[in-house]
Amino acid sequence: MRIAIVGCGYVADMYRYCLDLHRDGLVLTGVYDRDPDRLAAFARTWGDHAYASLADLLAEPGLGIVLNLTDPENHAAVTRAAIAAGIHVYCEKPLGLTLQEAQSLGEAAQAAGLRLAAAPSNVLGEQAQTLWRAVRTGTVGRVRLIYAELDDGMVHKADYRRWISRSGRRWPAEGEFETGCTFEHAGYVLTLLVAMFGPVRRVTAHSALLIPDKECDVPVHPAPDFSCGLLEFDGGILARVTNSIVAPYDHRLRVIGDGGVLSVDEPWDFAGPVRLKRTATGRLDRFLERRFPGRRGKVMPAARRVPFRGGRGRPTMDFMRGVREFADAIREGRPGRMDADLAVHITEVTEMLQHPDRFPVPAPVTSTVAAMRPMDWAQ
Ligand SMILES: NC(=O)c1ccc[n+]([C@@H]2O[C@H](COP(=O)([O-])OP(=O)(O)OC[C@H]3O[C@@H](n4cnc5c(N)ncnc54)[C@H](O)[C@@H]3O)[C@@H](O)[C@H]2O)c1
C-alpha cells in the first residue's frame, strides 16, 4: 500500500521510525509540510521525497492512504482535502475536535466510498491484546469497575524545550496546552475500553483549567488541564477516567473484577507487563494488602513477544501498526479494527470528558453547609 505523510512535526519522526517494521506492507511515496523548513529537515533526515504542495502529494499516482500527522486544529482540513481527492485517510487523534466535526468527516468518507481511521493504535499492541485476552477469558471473573489514570505531571514545569525529535522539531507545548491533555491522551484508554466492553452509553464528567498560566514563551489559551469522568458501559460496568497535566505522573489502568485486578502501568508501552492480583479474602491477605498497597501481583504471560525494541530514544509503541491494520483491511476488503465509527465514538466521549459544559448539565446540589473550623490545636 502506497502511503504519504502530511505534517512533518514531532510525532512524524516516531511514525517514520516505525515504518521499517512494515516494509513488507507499506511504501512511503513522500512527505509534505506547509512549513518549508520543517519539510526540508524531515526529508533530509529520513531521505524521503518532499512534495512541493499538498496538491502535488494528493496527485501522486496510486497513492492509497494519506497519513495525516498535522496538529489537531488542522486534521479536518487535510482529511477533507484527501477525501476530496479520493484517497483513504488515517489520521492522528483526535479525528476531529468536536463530535460534529468527526461525524461530518466520517460521512464525507462514506459518501465518497473511502475508508477513514484514527490513532491511537495502542489497542493493537501486545500489552493491550494481552490485557483484553485476560478479560475475555474471565481471568478476573465478571468485570465491575475500571480505574484509568492519565496524569502527566506538571508538564509546563518540565524541561520540554529540550524535547527534540530526530529531525529537530521541538515538542509543540503551546499546541498541546491549547488542544488539552484530555483530547491528547484519553484515546489511549478509551479505544481499549471500547474494544473490551463495547460502546460507552453514558458519561458524567467534570473538567477545569486549574493552572491557567502555563509559563509559555508565547501567549497561549490553554484548554482544561484536568478532567475526570465516569463512563458507563453495558452490563453496568463503570470506568473512572482521569486526565491531567497537574497531578503527578500516573498512567495506571486497573480492571477490577470479582476475582482480582488486572493492571498495566503504561498503556502506550507495547512491551509493558500486564499484572494479575487476586482479590484479598483471608485475614492475612487483607493485612498484606493494607500494609503493602504497592504489591501489584504476578505478570501474565504475554499474547506474543513484541517484535521491536523500544526505549532509549526509540518509541515504545509501533505507531505504524494502526496504519498497517488499516492498509491490510482495505486490501483484503474487510472491516478494519479501527474504522471511522470507532474514531467518531472516541471523539464524542473525549469531547464529553474535556468539555462537559457543552452537554446537558448534571443536577446542581441544593443543600449547603457552613465552613468548618479546624481543631483549636491545629490552628
Ligand atoms: N507530540 C507528541 O508527543 C504526540 C504523540 C502522539 C500523537 N501526537 C499527535 O500527533 C499529531 C501531531 O502532533 P505533533 O506533536 O507532531 O505536532 P507538531 O505541531 O509538531 O506538527 C504538526 C505539523 O503539521 C504541519 N501542518 C499543519 N497543518 C498543515 C497543513 N494543512 N498542511 C501541511 N502541514 C501542516 C505543521 O507545520 C507541523 O509541522 C497530533 O494530532 C497529536 O495529538 C503527538
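Okay, let's start with a term: a salt bridge is a side-chain nitrogen of Lys or Arg within 4 Å of a carboxyl oxygen of Asp or Glu. Arginine 252 itself is partly exposed, at a relative accessible area of 30%. Keep in mind that what you see above is a predicted model.

Let's look at two more pairs. The side chains of aspartate 234 and arginine 201 meet in a salt bridge, with 2.8 Å from N to O. Where do these two sit? Arginine 201 is in strand S7, residues 200-208, while aspartate 234 is in the loop between strand S8 (226-233) and strand S9 (238-244), so this pair ties together parts 33 residues apart in sequence. Are they buried or exposed? Aspartate 234 is partly exposed, with a relative accessible area of 41%, and arginine 201 is exposed, at 53%.

Now the other pair: arginine 202 forms a salt bridge with glutamate 232, and here the closest N and O atoms are 3.2 Å apart. Arginine 202 belongs to strand S7 and glutamate 232 to strand S8, so parts that are 30 residues apart in sequence get tied together. Arginine 202 is exposed, with a relative accessible area of 53%.

Okay, over to the ligand. There are 26 residues around it, and Tyr10, Val11, Asp33, Lys93 and Glu184 come nearest. What kinds of residues make up that shell? By class, you get 11 nonpolar, 5 polar and 10 charged.

Let's zoom in on some ligand oxygens. The side chain of aspartate 33 has an N or O atom 2.6 Å from an oxygen atom of the ligand. For histidine 75, a polar side-chain atom lies 3.0 Å from a ligand oxygen.

Two elements give two or more residues to the shell: helix H1 (10-19) and helix H4 (72-84). H4 gives the most, with 4 residues.

Last bit, from the records. An unreviewed UniProt entry places "domain: Gfo/Idh/MocA-like oxidoreductase N-terminal" at residues 1-117. In the model, that span is 44% helix and 18% strand, and its end C-alpha atoms lie 15 Å apart.

Conventions
Residues numbered from 1 in each chain as written. Predicted model: local features only at pLDDT ≥ 70, side-chain atom pairs only at ≥ 80, totals over all residues. Heavy atoms only, no water. UniProt positions renumbered as here; feature names shortened; annotations may be inferred. Near = heavy atom within 4 Å. Polar contact = N/O pair within 3.5 Å; in protein donor to acceptor, adjacent residues only side chain to side chain. Nonpolar A, V, L, I, M, F, W, Y, C, P; charged D, E, K, R; others polar. Buried < 20%, exposed > 50% of the residue type's maximum accessible area, 1.4 Å probe, protein only.
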